[in-house]
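Subject: Structure handover

Hi,

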Amino acid sequence: MHENANIVFQSQESDKMIATILSIGLPPNLFKNEEGANKEMFIEDEKGLIPSLSTVLLQEITKFNRLLDVIRTSLDHMHDSILGYMTMSQALDAMYSSLLNNQVPKLWADAAYPSLKPLGSWIKDLNLRIKFMRSWLTSPSAAGPNTFWISGLFFPQGFLTGVLQTHARKHSEAIDTLNFSFKVLEQNQENINNRPMDGVYVYGMYLEGASWDRKKRMLTDQIPGEMHCYMPVIYFNPVKNYERRPQDYECPVYKTSVRAGTLSTTGHSTNFIVAVDLPTPVQDFPPETWVLRGTALLCQLND
């Protein structure tokens, strides 16, 4: 077979692979001045500060734009390398192999948030994250949307700190005296039509190792065959000198099911986010039960 036939084959395979990724769709970058953006979110107060959650939004936008740029640039470079227009580096070669195996390339993973999803699911999840960020950016209210998809953020810990800062500024309280109290609501996010006076409504978490009784609003035994239970909206409310109830289960929240992480340069874990106090029927299932079962809240599943 003529060597040109191999070049044509590689070119066609490259085009198919890249076309498949692009057919799923890479959303456009986010800009705070884009059409439909709520400019009131970024108005400075008398101290020259914008709202804390607006700062979080801008930080998230920067991270997502960087990731989108890495994806687009690497796809262009890989296409040119296959055609022989530029040298195929070791990183691009590894990326090519990952794409063939439906895996997220390391080049992308290094610029992204923690995730265990295969490539197809990862791209769809990225689109949903960008969609949420754009809905936040274009929200009619300067305070943001009624509910926040905590699982869609690069840095959820920074978001929660922003919520505490917002409360501290509003009520002139020291932020280090504030902690979150938690209340699991009956509704899912699509049924929430307003925002709380203080704190935020959060959604997007899955309960592993237990189920949630929506009527009694308590933890309960897992339903046979149900590995994960999607949680209703949870109200994160900053409270001064908050003391948790010992009869509640202090449920850890993780970004992924690995449940392991390292301390980042910010001093936060790369996986653990926060512990949410969940009511449990103490007589049937004391908190120790859920500790032994490894019950936790996950921000995303592996598929």
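Tyr201 stands opposite Tyr235 in strand 8. Strand 8 (residues 234-240) runs antiparallel to strand 3, with three bridges joining the two. Strands here are DSSP E runs of at least two residues, helices are H or I runs of at least four, and both are numbered from the N terminus. Two strands pair if DSSP finds at least two bridges between them.

Before the rest, the ground rules. This is a predicted model, where local features need pLDDT of at least 70, side-chain atom pairs count only at pLDDT 80 or more, and totals for chains, interfaces and linings use all residues. Residues are numbered from 1 along each chain as its sequence is written, and side-chain values use heavy atoms, with hydrogens and water left out.

Back to strand 3. Strand 1 (residues 147-149) runs parallel to strand 3, and three bridges join them. Trp149 has Tyr203 as its bridge partner in strand 3. Val200 and Val202 point one way from strand 3, Tyr201 and Tyr203 the other way. All four are buried (under 20% relative accessible area; exposed is over 50%, partly exposed in between; 1.4 Å probe, protein chains only).

Now the pockets. A pocket is an open set of points on a 1 Å grid over the protein atoms alone, with protein on both sides within 12 Å along at least five of seven lines; lining residues have an atom within 4 Å of a point. Volume is the space filled by probe spheres set on the points, which are joined across faces, edges and corners.

The largest pocket holds about 400 Å³. It is lined by 24 residues, and Leu53, Ala143, Thr166, Met197 and Gly199 are the closest to its centre. Helix 6 (156-171) gives the largest share of that lining, four residues. By class, the lining has 14 nonpolar, six polar and four charged residues. Ala, Val, Leu, Ile, Met, Phe, Trp, Tyr, Cys and Pro count as nonpolar, Asp, Glu, Lys and Arg as charged, and the others, Gly among them, as polar.

The second largest pocket comes to about 330 Å³. Of its 18 lining residues, Asp125, Leu128, Trp149, Ser151 and Tyr206 are the closest to the centre. Helix 5 (residues 119-137) supplies the largest share, seven residues. The lining divides into eight nonpolar, five polar and five charged residues.

Last, helix 3 (residues 90-100). Its buried residues are Leu92, Met95, Ser98 and Leu99. The face turned away from that buried side carries exposed Gln90 and Leu100. Just after helix 3, Asn102 takes a positive phi of about 60 degrees.

Best wishes

Key:
1 Å grid on protein atoms, 1.4 Å probe; cavity = no way out; pocket = protein on both sides within 12 Å on 5 of 7 lines; lining within 4 Å.
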